[in-house]
Amino acid sequence: HIDTAELGKYFHVLGIASSTGWDDRVRKEIESTDFAHNYVSRYVSICLIDSATGNVTFNSVDERIGKFVEFFKPQFDSEKVAKVKNIIRDKLSLKDYVIFNDILEETKEARILVNKAFYDFTDEGKYRMRHIKDVGMVLEIITSH
(Lines give C-alpha, C1' and ligand atoms only; values in the text may rest on other atoms or scores of the structure.)
Protein backbone atom coordinates (compact mmCIF):
# COMPACT_ATOMS: atom_id res chain seq x y z
CA HIS A 1 0.00 0.00 0.00
CA ILE A 2 2.89 2.35 0.66
CA ASP A 3 4.10 2.12 -2.95
CA THR A 4 0.59 2.82 -4.31
CA ALA A 5 0.06 5.69 -1.89
CA GLU A 6 3.39 7.31 -2.68
CA LEU A 7 2.85 6.91 -6.42
CA GLY A 8 -0.53 8.66 -6.14
CA LYS A 9 0.77 11.08 -3.51
CA TYR A 10 -2.36 10.85 -1.40
CA PHE A 11 -2.87 9.77 2.17
CA HIS A 12 -4.14 6.26 3.02
CA VAL A 13 -5.45 5.18 6.42
CA LEU A 14 -5.48 1.41 6.93
CA GLY A 15 -7.27 -0.44 9.67
CA ILE A 16 -6.27 -4.06 10.17
CA ALA A 17 -8.85 -6.03 12.13
CA SER A 18 -8.57 -9.23 14.12
CA SER A 19 -11.64 -11.13 15.21
CA THR A 20 -9.67 -12.90 17.96
CA GLY A 21 -7.70 -9.94 19.28
CA TRP A 22 -4.09 -8.85 18.99
CA ASP A 23 -1.16 -10.28 20.91
CA ASP A 24 0.58 -7.88 23.32
CA ARG A 25 3.81 -8.18 21.29
CA VAL A 26 2.06 -6.93 18.15
CA ARG A 27 0.37 -4.02 19.93
CA LYS A 28 3.64 -2.97 21.60
CA GLU A 29 5.45 -3.10 18.25
CA ILE A 30 2.88 -0.81 16.59
CA GLU A 31 3.13 1.63 19.52
CA SER A 32 6.96 1.61 19.63
CA THR A 33 9.25 4.42 18.50
CA ASP A 34 11.14 1.88 16.35
CA PHE A 35 7.95 1.28 14.40
CA ALA A 36 7.38 5.03 14.05
CA HIS A 37 10.88 5.56 12.68
CA ASN A 38 11.03 2.52 10.41
CA TYR A 39 7.52 1.94 9.07
CA VAL A 40 5.55 5.16 9.14
CA SER A 41 5.12 6.59 5.68
CA ARG A 42 4.26 10.09 4.64
CA TYR A 43 1.24 8.67 2.81
CA VAL A 44 0.16 5.70 4.96
CA SER A 45 -1.00 5.37 8.57
CA ILE A 46 -2.25 2.15 10.14
CA CYS A 47 -4.13 1.01 13.18
CA LEU A 48 -5.00 -2.39 14.60
CA ILE A 49 -8.62 -3.13 15.44
CA ASP A 50 -9.59 -5.71 18.03
CA SER A 51 -13.09 -6.71 16.94
CA ALA A 52 -13.72 -8.56 20.19
CA THR A 53 -12.99 -5.71 22.61
CA GLY A 54 -13.40 -2.66 20.41
CA ASN A 55 -9.86 -1.47 21.22
CA VAL A 56 -7.87 0.29 18.51
CA THR A 57 -4.05 0.37 18.67
CA PHE A 58 -1.95 2.88 16.77
CA ASN A 59 1.34 4.70 17.02
CA SER A 60 0.84 7.96 18.90
CA VAL A 61 3.91 9.47 17.20
CA ASP A 62 1.92 9.41 13.95
CA GLU A 63 -0.45 12.26 14.78
CA ARG A 64 -2.46 11.87 11.57
CA ILE A 65 -4.02 8.52 12.51
CA GLY A 66 -5.50 9.95 15.71
CA LYS A 67 -8.06 11.86 13.65
CA PHE A 68 -9.36 8.63 12.15
CA VAL A 69 -9.35 6.20 15.09
CA GLU A 70 -13.03 6.76 15.91
CA PHE A 71 -13.98 5.52 12.43
CA PHE A 72 -12.33 2.18 13.17
CA LYS A 73 -13.85 1.46 16.59
CA PRO A 74 -16.44 -1.31 16.31
CA GLN A 75 -19.92 -0.25 17.33
CA PHE A 76 -21.64 -2.43 19.89
CA ASP A 77 -25.29 -2.12 20.82
CA SER A 78 -24.68 -0.90 24.37
CA GLU A 79 -28.20 -1.79 25.59
CA LYS A 80 -27.82 -5.39 24.43
CA VAL A 81 -24.33 -5.66 25.96
CA ALA A 82 -25.71 -4.25 29.24
CA LYS A 83 -28.52 -6.85 29.19
CA VAL A 84 -25.99 -9.66 28.67
CA LYS A 85 -23.80 -8.28 31.46
CA ASN A 86 -26.78 -8.22 33.84
CA ILE A 87 -27.49 -11.88 33.10
CA ILE A 88 -23.82 -12.72 33.67
CA ARG A 89 -23.85 -10.80 36.99
CA ASP A 90 -26.92 -12.76 38.11
CA LYS A 91 -25.20 -16.04 37.26
CA LEU A 92 -21.97 -14.98 39.00
CA SER A 93 -23.93 -14.22 42.17
CA LEU A 94 -24.82 -17.94 42.31
CA LYS A 95 -21.49 -19.49 41.33
CA ASP A 96 -17.99 -18.22 40.59
CA TYR A 97 -18.02 -18.85 36.83
CA VAL A 98 -20.19 -18.72 33.72
CA ILE A 99 -19.79 -20.63 30.48
CA PHE A 100 -19.75 -18.58 27.28
CA ASN A 101 -21.94 -21.01 25.31
CA ASP A 102 -24.53 -21.09 28.11
CA ILE A 103 -24.80 -17.29 28.07
CA LEU A 104 -24.94 -17.30 24.28
CA GLU A 105 -27.78 -19.82 24.30
CA GLU A 106 -29.71 -18.15 27.13
CA THR A 107 -29.52 -14.61 25.78
CA LYS A 108 -29.93 -15.50 22.08
CA GLU A 109 -27.68 -12.50 21.39
CA ALA A 110 -24.98 -12.32 18.74
CA ARG A 111 -21.67 -13.96 19.63
CA ILE A 112 -19.84 -10.62 19.28
CA LEU A 113 -22.08 -9.00 21.95
CA VAL A 114 -21.56 -11.83 24.45
CA ASN A 115 -17.84 -11.70 23.69
CA LYS A 116 -17.81 -7.95 24.35
CA ALA A 117 -19.59 -8.49 27.69
CA PHE A 118 -17.01 -11.11 28.71
CA TYR A 119 -14.13 -8.77 27.81
CA ASP A 120 -15.77 -5.89 29.69
CA PHE A 121 -15.80 -8.04 32.83
CA THR A 122 -12.12 -8.97 32.44
CA ASP A 123 -11.27 -5.27 32.08
CA GLU A 124 -12.65 -4.74 35.59
CA GLY A 125 -9.77 -6.83 36.96
CA LYS A 126 -12.01 -9.04 39.14
CA TYR A 127 -12.63 -11.67 36.48
CA ARG A 128 -10.62 -13.69 34.00
CA MET A 129 -11.41 -15.72 30.94
CA ARG A 130 -9.95 -19.08 30.16
CA HIS A 131 -10.60 -21.94 27.83
CA ILE A 132 -11.47 -25.27 29.42
CA LYS A 133 -11.23 -28.39 27.28
CA ASP A 134 -14.64 -29.91 26.49
CA VAL A 135 -16.37 -26.88 28.10
CA GLY A 136 -15.17 -23.89 26.08
CA MET A 137 -14.62 -20.30 27.14
CA VAL A 138 -15.37 -19.55 30.78
CA LEU A 139 -15.51 -16.28 32.69
CA GLU A 140 -14.61 -16.76 36.33
CA ILE A 141 -14.25 -14.66 39.43
CA ILE A 142 -10.63 -14.22 40.43
CA THR A 143 -10.33 -15.46 43.98
CA SER A 144 -7.39 -14.70 46.22
CA HIS A 145 -6.08 -17.51 48.36
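How much space lies in the largest pocket? In this predicted model, the largest pocket holds about 170 Å³.

**View 1. Lining of the largest pocket.** The residues that line this pocket are Ser-19, Thr-20, Ala-52, Phe-100, Asn-101, Arg-111, Asn-115, Tyr-119, Met-129, Gly-136 and Met-137. Two or more lining residues come from each of helix H6 (100–107), helix H7 (111–123) and strand E6 (136–141). The most is given by H7, with three residues. By side-chain class, the lining divides into five nonpolar, five polar and one charged residue.

**View 2. The buried face of helix H6.** Phe-100, Ile-103, Leu-104 and Thr-107 are the buried residues of H6. Seen down the helix axis, these buried residues fall within an arc of 100 degrees, and therefore line one face of the helix. Their packing partners are helix H5 (78–92), strand E4 (97–99), H7 and E6. Phe-100 also belongs to the lining of the largest pocket.

**View 3. The largest nonpolar core.** This core has 17 residues. Those with the most contacts inside the core are Ile-88, Val-98, Ile-103, Val-114, Phe-118 and Leu-139. Helices H5, H6 and H7 each supply at least two residues of the core. Leaving aside residues up to four places away in sequence, Val-114 touches Val-84, Phe-100, Ile-103, Leu-104, Thr-107 and Glu-109. A second, separate core consists of five residues, among them Ile-49, Val-56, Ile-65 and Val-69. In soluble globular proteins, nonpolar side chains tend to be buried together.

**View 4. Lys-116 in helix H7.** Is Lys-116 buried or exposed? Lys-116 has a relative accessibility of 16% and therefore counts as buried, since the term applies under 20%. With residues up to four places away in sequence not counted, the contacts of Lys-116 are Ala-52, Thr-53, Phe-76 and Val-81. Of these contacts, Ala-52 is also one of the residues that line the largest pocket.

**View 5. Lys-91 in helix H5.** The relative accessibility of Lys-91 is 29%, so this residue counts as partly exposed. Lys-91 touches Val-98, Ile-103 and Glu-106, not counting residues up to four places away in sequence. Lys-91 and Ile-103 are twelve residues apart along the chain, and their C-alpha atoms are separated by 9.3 Å. Val-98 and Ile-103 are among the residues with the most contacts inside the largest nonpolar core.

**View 6. Lys-108, in the loop between H6 and H7.** Lys-108 is exposed, with a relative accessible area of 66%.

**View 7. Asp-134, in the loop between strand E5 (127–132) and E6.**

Key. Residues are numbered from 1 along each chain as its sequence is written. This is a predicted model: local features need pLDDT of at least 70, side-chain atom pairs count only at pLDDT 80 or more; totals for chains, interfaces and linings use all residues. Side-chain values use heavy atoms; hydrogens and water are left out. On a 1 Å grid over the protein atoms alone, a cavity is a set of points where a 1.4 Å probe fits but cannot get out, and a pocket is an open set with protein on both sides within 12 Å along at least five of seven lines; lining residues have an atom within 4 Å of a point. Grid points are joined across faces, edges and corners, and a volume is the space filled by probe spheres set on the points. Helices (H or I, at least four residues) and strands (E, at least two) are DSSP runs, numbered from the N terminus. Ala, Val, Leu, Ile, Met, Phe, Trp, Tyr, Cys and Pro count as nonpolar, Asp, Glu, Lys and Arg as charged, and the others, Gly among them, as polar. Buried means under 20% relative accessible area, exposed over 50%, partly exposed in between (1.4 Å probe, protein chains only). The arc is that of the directions from the helix axis to the C-beta atoms. Contact means heavy atoms within 4.5 Å. A nonpolar core is a set of buried Ala, Val, Leu, Ile, Met, Phe, Trp, Tyr and Cys residues joined through side-chain atoms within 4.5 Å.
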